[in-house]
Number of protein chains: 2
Amino acid sequence: MRVDYPQSLKALLQELERLPGIGPKSALRIAVFLLNQPKEAIDKLVQALQRVRDQLKLCRLCFNYAENDLCEICQDESRETSLLCIVEDPIDIAVIENAGIFRGRYHVLHGVLLPIEGIGPEDLHISELIERLQNEPINEVILALSPTTEGEATSTYIAKLIKPFGVKVTQLAMGIPVGGSIDYADQLTIMRALEGRREL
Amino acid sequence: MRVDYPQSLKALLQELERLPGIGPKSALRIAVFLLNQPKEAIDKLVQALQRVRDQLKLCRLCFNYAENDLCEICQDESRETSLLCIVEDPIDIAVIENAGIFRGRYHVLHGVLLPIEGIGPEDLHISELIERLQNEPINEVILALSPTTEGEATSTYIAKLIKPFGVKVTQLAMGIPVGGSIDYADQLTIMRALEGRREL
């Protein structure tokens, strides 16, 4: 005799629960929030979703998010063409841009190598990277993948692959995060910080 | 020189961050998840939102969620008309229904009294409750509001208001939750559990 939510509410809860980090309780909380708002609140969310679906694509050159054929950065002629930074996700670009010191361009892999899940080099934008090395005046490739096992393996793979093209291949420094405490740094981080120590 | 996300992505993040429990990090995670899915995933979410916006309304009688003029429960002629359970939100109905023993009907206040935030009796569906007491053969009103300060104050207010109509007014029992440990029960819960003790 269990009485359920109306069909339309159940369907919405099901869709919300498919989103990452949203369980049954948060889905319900979000649905109730939307139902308690004027209908325009739902319209605004719907429009934002539709706009992203219709307008957001990937840059033809670097695979960053873009609303045109080229992303904002690839369109910007003031950016250095000799420096190329390799990242895993478009989101990482914003993180690096926020630091405000990198003036080169990017190339987004959209993932890292994950042999166990069947993700090989052909699933990442690696052939397009090779093409760029042949077509653009790139001197240095900076590998800015996360220092996880998979990120490191991907960096090593790419470094080996592109060195024959005569470019300098570098990697972001690993060490104690600024503002972080040495007490909390793990063994591997301390090892990398020691290896990368600098004279003052 | 900060490079931002494309406009459409920024607009979506802004809408997602307005939802309860969603901060900038989870908004980004959800947006990236949607962008990595086939476009149909966004379509399904959009359709679910539109369907709720267009089809879900409140029951004319009890203010539960409904897709018709009357909700499923008010339409069900097998439900007892003499028992009325007062709840704060439509969500509470599902919780009580899941217990499977209540066979009466409901009345949803859509909130509790919150004088500090200016929410008075006229903002809840209390006048409609009075109307129902006059029109329906109700013998007992069960107050099933949460035992918070505001819930208790609202229960007291309603009990006082409806007793003159000659109905029995009861409240859900308070005590140690089933499966809960006495060690973890707070002082007030223990007090209420002692007051409500039953002979075995």
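Which helices of chain B each supply at least two residues of the lining of the second largest pocket? They are helix 5 (90-99) and helix 8 (187-195) of chain B, and the sections below set them beside the other features of this predicted model.

## Basis of the description

This is a predicted model, in which local features need pLDDT of at least 70 and side-chain atom pairs count only at pLDDT 80 or more, while totals for chains, interfaces and linings use all residues. Residues are numbered from 1 along each chain as its sequence is written, chains are lettered from A and ligands numbered from 1 in the order in which they are written, and side-chain values use heavy atoms, with hydrogens and water left out.

## Relation of the two chains

Two copies of a chain are related by a rotation about an axis and a shift along it. Here a rotation of 180 degrees, with 0.0 Å of shift along the axis, superposes chain A on chain B with an RMSD of 0.1 Å, by least squares on the C-alpha atoms of residues with pLDDT of at least 70 in both. That is the relation of a two-fold axis, and in chain A the C-alpha nearest the axis belongs to Val46(A), 2.7 Å from it. Of the interface residues of chain A, 100% are also interface residues in chain B, so the copies meet through the same surface.

In chain A, the axes of helix 6 (residues 126-135) and helix 7 (residues 149-162) come within 11 Å and cross at roughly 35 degrees, where axes are lines fitted to C-alpha atoms over the stretch in contact and angles run from 0 to 180 degrees between N-to-C directions. Helices (H or I, at least four residues) and strands (E, at least two) are DSSP runs, numbered from the N terminus. Ile126(A), Leu129(A), Ile130(A) and Leu133(A) of helix 6 meet Tyr157(A), Ile158(A), Leu161(A) and Ile162(A) of helix 7, contact meaning heavy atoms within 4.5 Å. By class, this contact has eight nonpolar, no polar and no charged residues, with Ala, Val, Leu, Ile, Met, Phe, Trp, Tyr, Cys and Pro counted as nonpolar, Asp, Glu, Lys and Arg as charged, and the others, Gly among them, as polar.

In chain B, helix 6 (residues 126-135) and helix 7 (residues 149-162) pack at an angle of about 35 degrees, with their axes 11 Å apart.

## Pockets

The largest pocket has a volume of about 1,100 Å³. A pocket is an open set of points on a 1 Å grid over the protein atoms alone, with protein on both sides within 12 Å along at least five of seven lines, whereas a cavity is a set where a 1.4 Å probe fits but cannot get out; lining residues have an atom within 4 Å of a point. Grid points are joined across faces, edges and corners, and a volume is the space filled by probe spheres set on the points.

Of the 32 residues lining the largest pocket, the closest to its centre are Pro147(A), Leu172(A), Ala173(A), Met174(A) and Gly175(A), and helix 8 of chain A gives the most to this lining, with five residues. The second largest pocket holds about 810 Å³ of space, and helix 5 of chain B gives the most to its lining, with four residues.

## A cavity lined by both chains

The count comes to three cavities of 30 Å³ or more, and about 40 Å³ of space lies in the second largest cavity. Leu16, Leu19, Leu45 and Leu49 of chain A and Leu16, Leu19, Leu45 and Leu49 of chain B line this cavity.
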